[in-house]
Amino acid sequence: MVQDKTSVPPVPGREPAPEADATAADTAADTDTASSGEGDGVRAEGEGRWVLAARVVAVVAGGLLLFTAFPPLDWWLCAPVGIGLIVAALYRARPRRAAWLGYLGAAVFLFPALAWVRTIGDDVWVMLVATESVFYAVMAALAALVFRLRLWPLWFGALWVMMEWARGLVPVGGFPWARVAFSQGESLFTSYAALGGAPLVSFAVTLCGALLAHAVLVRPAATVNKGVNKVVRRAVPAAVALAVPLLTLVLPRPGDEGRSINVGIVQGNVPGRGMHPLGDEPAVVLRNHAEETKRLADAVRAGALPRPDIVVLPENSTDIDPYTSAFARQVIDESVKYVGVPTLVGAVVAIGDEHRATRSLVWDPVTGPGAYYDKQHLVPFGEYTPFKEIVLALWERANLVGRQSVAGTKPGDLKLGPVTIGAVNCYEVAYDDTVRGTVRAGGTPLVVQTNNASYALSNLPPQQLAMSKLRAVEHNRAVVTAATTGISAYVTPDGKVSWQTRELVPDMNVVKVPVRTQETIATKVGELPEWALMLMGAVAVGVAARRGRRGDRMGNGS
């Protein structure tokens, strides 16, 4: 069947010929309502090179703008605008074309967003971005289908949530870094975290961007009151896009519960950089953190700082296992006795002869080491080696992992002095289930112990801090972060950074932290909003695909 050129729907960057105005407008309206399977996008052969070039420019610009929304730039408003440009590039494209455009946009976004991976190696950086971009390509191909449906901005947002869920699941435990929600650590969208966690924040931002694109791309059908109708049809999605972030201003926020504790935070610094952050001399990291703990105690005795109720040291605050080394045990014990309060120590400890665990260890000034939490979400190729035989044979750097880590199985609720803290270890702050499980187990405040020494001065430390901001709002919990080299920080339950350190310097402080026990809706309902959104997206894809097949059969029959 030969397609009449006057029936080709309009695309961004191309205006229809004057004699085809009414037909093109009617086609656009049919596409939006999806009353049939038609309007599934312009055929590749129907697009000129300028239209294709416009799509490429739009998706590249969208990817770059999305990157600027993330720390350290933190231009959060660029996220919905960038997503709107990505939608413009995909709108009414065939699924195959949408897939490679989605892949291109993802690569443009992820290469700078994940630039911190270059510390490990440019080859790892390229492979990671290449792998993660596949998820965006699949999402874009599915989006090309749901653009046939009425209310497609909703379905597009749901597909984005589904894509981020899949990224956080596979391969090798997933990689949930650079989720759209993590660009909104302190924005108008942040409060949605208290209702539906990070997935709802990602959905809200994506919906906003898609609505902006809808206002520009979708041409209203011709009517008697053509001018008025066009203005109204374009104004409605634009108004809803504006309303999405502004609605958070009227959301109720949990109040203070009248209880607080003083938390000492210690950042001891490390001698090395890059892939060898702990340096060549044993016990330097251990001594640095012990000395900085004593300096905190001296400041308290001098009246420069309030007396802490507890002290928090970072992940890997000792580079020697205190269970097997009498020297390490003595150094830690002396510093804890000197400060005089229960202290959370970060250590990598031996498990048998071949394994290890990344441990948050409670150290009491009287009784010594006690309760502990072992990290549950381990870093692949950093704490353990997937496909060990193959990887070790191909990459010599993989041998730097050494002993293979064993994942913990229990949440991080640890009794530390007068409170039960929620211990979260570094990489785990990106995982919804780990943080939520710790809060549900009674952890308050949240304590994030981290070792970012290999990635100092890259965009990783500020990205991780943005995650802590979001988690604070999501669960109505103060978040205390202790890092070996920075950024150590205190985030209020409202997601505001009250205090933070510079990187690559020893530092310490005592901060007054509220202890809250009231749970947010997000904490209570858990994964339900995410699953509901993903179900919406899956149903939309199924409906669009079915209508597309029906339209193809009708077209073939004619």
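**Notebook: charged residues and cysteines**

I began with Glu186, which is partly exposed at a relative accessible area of 37%. The model is predicted.

I looked up the partners of Glu186. Lys496 forms a salt bridge with Glu186, with the closest N and O atoms 3.6 Å apart. That pair links distant parts of the chain: Lys496 sits in the loop between strand E11 (489-491) and strand E12 (497-500), Glu186 in the loop between H6 and H7, 310 residues apart. Lys496 is partly exposed at 43%.

Glu186 also forms a salt bridge with Lys469, again with closest N and O atoms 3.6 Å apart. Lys469 lies in helix H13 (residues 460-475) and Glu186 in a loop, so this pair ties together parts 283 residues apart in sequence. Lys469 is buried, at 11%.

Next I checked a pair within one helix. Arg295 and Glu292 form a salt bridge at 2.5 Å. They are three residues apart in helix H9 (residues 284-301), so about one helical turn separates them. Arg295 is partly exposed at 40%; Glu292 is buried at 7%.

I counted 14 salt bridges. I also noted a network of them linking Arg179, Asp432, Arg471 and Glu474.

Then I turned to Glu315, in the loop between strand E2 (310-312) and helix H10 (326-339). Is Glu315 buried or exposed? It is buried, with a relative accessible area of 5%. Its side chain makes a polar contact with the side chain of Lys375 at 3.4 Å. The Glu315 side chain also reaches the backbone nitrogen of Asn451 at 3.0 Å.

Last, cysteines. I found zero disulfides in the whole structure. Cys78 is buried at 16%, and Cys426 is buried at 9%.

Key. Residues are numbered from 1 along each chain as its sequence is written. This is a predicted model: local features need pLDDT of at least 70, side-chain atom pairs count only at pLDDT 80 or more; totals for chains, interfaces and linings use all residues. Side-chain values use heavy atoms; hydrogens and water are left out. Helices (H or I, at least four residues) and strands (E, at least two) are DSSP runs, numbered from the N terminus. Buried means under 20% relative accessible area, exposed over 50%, partly exposed in between (1.4 Å probe, protein chains only). A polar contact is a pair of N or O atoms within 3.5 Å; within protein, one must be able to donate a hydrogen and the other to accept it, and residues adjacent in sequence count only if both atoms are side-chain atoms. A disulfide is a pair of cysteine sulfur atoms within 2.5 Å. A salt bridge is a side-chain nitrogen of Lys or Arg within 4 Å of a carboxyl oxygen of Asp or Glu.
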